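Biologist: I have a model on screen and some questions about it. Can you take me through how it is put together?

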Number of protein chains: 2
Amino acid sequence: MKSLGKHLIVELYDCNRDLIARVDKVEQILVDAVKLSKATIVAPVFHQFNPHGVSGVVVIAESHFSIHTWPEYGYCALDIFTCGELIDSDAALHFMKEAFQAKSMSVMELKRGTLDIPEGELRHKP
Amino acid sequence: MKSLGKHLIVELYDCNRDLIARVDKVEQILVDAVKLSKATIVAPVFHQFNPHGVSGVVVIAESHFSIHTWPEYGYCALDIFTCGELIDSDAALHFMKEAFQAKSMSVMELKRGTLDIPEGELRHKP
């Protein structure tokens, strides 16, 4: 069975709390990670919570990266959803783990859009 | 164990292909679904692919809704990531299944940010 998308569901624990509290830092790291993956940025949207914490999504031509941070727990929920064979989501993931200084991480990889179609017919966006 | 977020990972199959091809329709349905869930919209970002297909994310104060559509297969990848006890993600999900005229659906519910902390101390954004 072939699938249209690859979705990494990532839990980053014991991150640098000051760093994940600030929208400017989190946005820069996510955008750098997207570029490293060779994905094409469509639009980034980031939001600073009061008193701290960040939500952000980078819509890419090949799906999206998203992050939600809880600085009070040192925790980030990260999603890397890509399609096509050309995107290096692993490189982006390792970069972010280092950048956020996560002491531990769990990753689940899901196939999205698993369809019963002949392999030659599978088309990816864009 | 308590968790910070609830993440519904939804596969919508055999949707109305014309409808999921058009960004205006998809955005309206997603925004209506967010409102129905009682979440607070921070910013929507939607992108029309050429010749067809849509990617979109609505960042909410309680995390995000995202969608990626493949009209050529009648398929939508939908994610509903919320935090707090006040958001009715099930209502949003059922509304979208009907609106996109999906003939079948699979849903996986994940807990995100499962932390070993006393229940009384758990805080949700915003």
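Biologist: Through what do the copies meet?

Modeller: This is a predicted model, where local features need pLDDT of at least 70, side-chain atom pairs count only at pLDDT 80 or more, and totals for chains, interfaces and linings use all residues. Residues are numbered from 1 along each chain as its sequence is written, chains are lettered from A and ligands numbered from 1 in the order written, and side-chain values use heavy atoms, without hydrogens and water. Of the interface residues of chain B, 95% are also interface residues in chain A, so the copies meet through the same surface.

Biologist: What rotation superposes chain B on chain A?

Modeller: The shift along the axis is 0.0 Å and the RMSD 0.0 Å. The copies are thus related as by a two-fold rotation axis. The rotation is 180 degrees.

Biologist: Which are the edge strands of the sheet in chain A?

Modeller: Strands are DSSP E runs of at least two residues, helices H or I runs of at least four, numbered from the N terminus. Two strands pair if DSSP finds at least two bridges between them. The open sheet of chain A has the order β2-β3-β4-β5-β1-β6, with antiparallel pairing. Pairing on one side only marks the edge strands, β2 and β6 (104–115) of chain A.

Biologist: Is A:P51 buried or exposed?

Modeller: A:P51 lies in the loop between β2 (41–48) and β3 (54–60) of chain A. Buried means under 20% relative accessible area, exposed over 50%, partly exposed in between (1.4 Å probe, protein chains only). At 66% relative accessibility, A:P51 counts as exposed.

Note on methods: Least-squares fit on C-alpha atoms with pLDDT ≥ 70 in both. Contact = heavy atoms within 4.5 Å.
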